[in-house]
Amino acid sequence: MEPNLGKPSFLRNILVRLFLFCVFVIALRFAYVVTIRGESCDVGDFCFFSLPDNIDVVSGVGEVTKSTVITSAGESAPSKQKKIPDLWATGGFQKSVQFYSSIFQDLMSEAFLSPNMKTLCVDTQTGADVFALRELGVEDSIGISKKGFKPLVVPGQGLKQPFSDSAFDFVFCGGVVVEKSPKLGNFAGEIQRTMKPEGFLVVHTGANDTYSFESLLGLFNSCKLVRSRDIDGLNSKMPFIREVVLQKFGGEEFVEEKYGDSAKKCSVPSYKRDLIKKAEPLIEEEPKKPWITLKRNAQKIKYLASMVDISFKPRYVYVDVGARSYGSSIVSWFKKQYPKQNKTFEIYAIEADKTFHGDYKLKKGVTLLPYAAWVRNESLFFEINEDPGHKEVEKGRGMGRIQPALGGSTSSGNVDQIQGFDFADWLKHSVTERDYVVMKMDVEGTEFELIPRLFETGAICLIDELFLECHYNRWQKCCPGERSAKYEKTYGQCLDLFTSLRKSGVLVHQWW
């Protein structure tokens, strides 16, 4: 009788199948890690080919390393890098590391930075600053740049960061990246969003005048200035750098200032008043030929943008009040002559005369407000005096004057009914104090109503530079020895208006 071999063969088949199943599970797990998760594994998760925890991220060039990255939720997770980039061994990279190490050591000694802080370096291409932080023991550090650079820098943009709110205790903006950002407002807003309350922000900047420095501080309006100092730069292109340390307000400490209250006054800071002292002097004596004086005076004007750096403004706006045609002052003066420092300005043309409205239909970058700038929202009468000496409509079209009511006007000019709007209120809702606002005002005598309204509402503080044409009973160009009866004000009253504006801290220029 032959022995029964069925049972051992059955057990052997089960073991083989179990072994093959285990191999399949291992292969599936490996494929998941490599193809789905990449080279990273979660903390506490089982992961093949993971490195020991005691290997240092920056222990040496060419060694196998393990690092930490920040996830989109702001949490940390270990990541494996098989080989440190050759760039880390170059002299330029090591020089940058030494520079940033010195910076961070000083910040540690002042208690702005500590090893247990979660830190972010913004717009760092190679991560030399992150490298320096980790060498100093600040292990929970990461950089962000458009292209990324493993294992120290993750891909992302400074103005749209892939991190959660209040993720970092310390943020560093080195390499003078602030003024290079195309959208400064979004850039500064993202940095403040990802900072924890009472966290520290360190900015390296090229701001070298008080105006640009104050503009920089205005960008980070949820932070307070802790200190500022000048330090040696990394290279000859920027031999000196201003290092600014800011701290984010905590809890209810921060309340953003707005010009929502129509009765709110504003005060012009001293650094803006100091700039007025550098402006061209006012013309004390009434010019007999204003049209000639304008050409001469235009050569002497000290433009604000020629005296200071305007790079730290989040937005640039030009408002032409009484613009007439597009080719009038927008093209012939502002676009050709105003020193814009390569900045793109939003242009608002305010013109009540409907004759010129069609000129703006196809003009890009210009917003037409087809109304009359006034002290309140109401219907007005617009009086236009034609000049019979000109055959061209644009040149012969007289300058329009607005009137609250027709009254007993005996003018022989054309009178149209138009809509007036509260110009000061519109300005307060269209720009902020952080924006760079240039204004030209030519409103045929209405300036004596508009300027007081701007002061009354506080909107005057929103204007960085004003070019004002003041209308008075000037000498007639056509008739020597005769004054125009079109305006009641005298040159002395106009001079008083300019003087009071400058004394109040408004950089205003005489315009004809």
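A disulfide here is a pair of cysteine sulfur atoms within 2.5 Å. These views come from a predicted model, where local features need pLDDT of at least 70, side-chain atom pairs count only at pLDDT 80 or more, and totals for chains, interfaces and linings use all residues. Residues are numbered from 1 along each chain as its sequence is written, and side-chain values use heavy atoms, with hydrogens and water left out.

View 1. (Buried means under 20% relative accessible area, exposed over 50%, and partly exposed in between, using a 1.4 Å probe and protein chains only.)

**View 2. Cysteine 470 and cysteine 494 form a disulfide.** A disulfide is a covalent bond between the sulfur atoms of two cysteines. The count for this structure comes to 1, and it joins cysteine 470 to cysteine 494, with 2.0 Å from S to S. The pair ties together distant parts of the chain, 24 residues apart: cysteine 470 sits in the loop between β18 and α13 (491–503), and cysteine 494 in helix α13. (Helices, H or I of at least four residues, and strands, E of at least two, are DSSP runs numbered from the N terminus.) The link is left-handed, with -80 degrees about the S-S bond. Cysteine 470 is buried at 4% relative accessible area, and cysteine 494 is buried at 2%.

**View 3. Six strands line up in an open sheet.** The 6 strands follow the order β12-β11-β10-β17-β18-β19, with parallel pairing. (Two strands pair if DSSP finds at least two bridges between them.) At the edges, β12 (366–369) and β19 (508–511) each pair on one side only. Inside the sheet, β10 (residues 316–321) and β11 (residues 346–350) share 5 bridges in the parallel sense, and valine 317 has glutamate 346 in β11 as its bridge partner.

**View 4. Strand β19 pairs with β18.** Here 4 bridges join the two parallel strands, and leucine 468 stands opposite glutamine 510 in β19. In a regular strand the side chains alternate between the two faces of the sheet. In β19, Val508 and Gln510 point one way, His509 and Trp511 the other way, and all are buried.

View 5. Glycine 458 is in the loop between α12 (447–457) and β18 (465–469), and it counts as buried at 0% relative accessibility. Its C-alpha is 5.1 Å from that of cysteine 266, although the two are 192 residues apart in sequence.

**View 6. The second largest cavity has about 140 Å³ of space.** On a 1 Å grid over the protein atoms alone, a cavity is a set of points where a 1.4 Å probe fits but cannot get out, and lining residues have an atom within 4 Å of a point. Of the 16 lining residues, the closest to the centre are Val268, Lys272, Ile463, Asp464 and Gly505. Helix α6 (residues 270–276) gives the most to this lining, with 3 residues.

Definitions and conventions:
On a 1 Å grid over the protein atoms alone, a cavity is a set of points where a 1.4 Å probe fits but cannot get out, and a pocket is an open set with protein on both sides within 12 Å along at least five of seven lines; lining residues have an atom within 4 Å of a point. Grid points are joined across faces, edges and corners, and a volume is the space filled by probe spheres set on the points.
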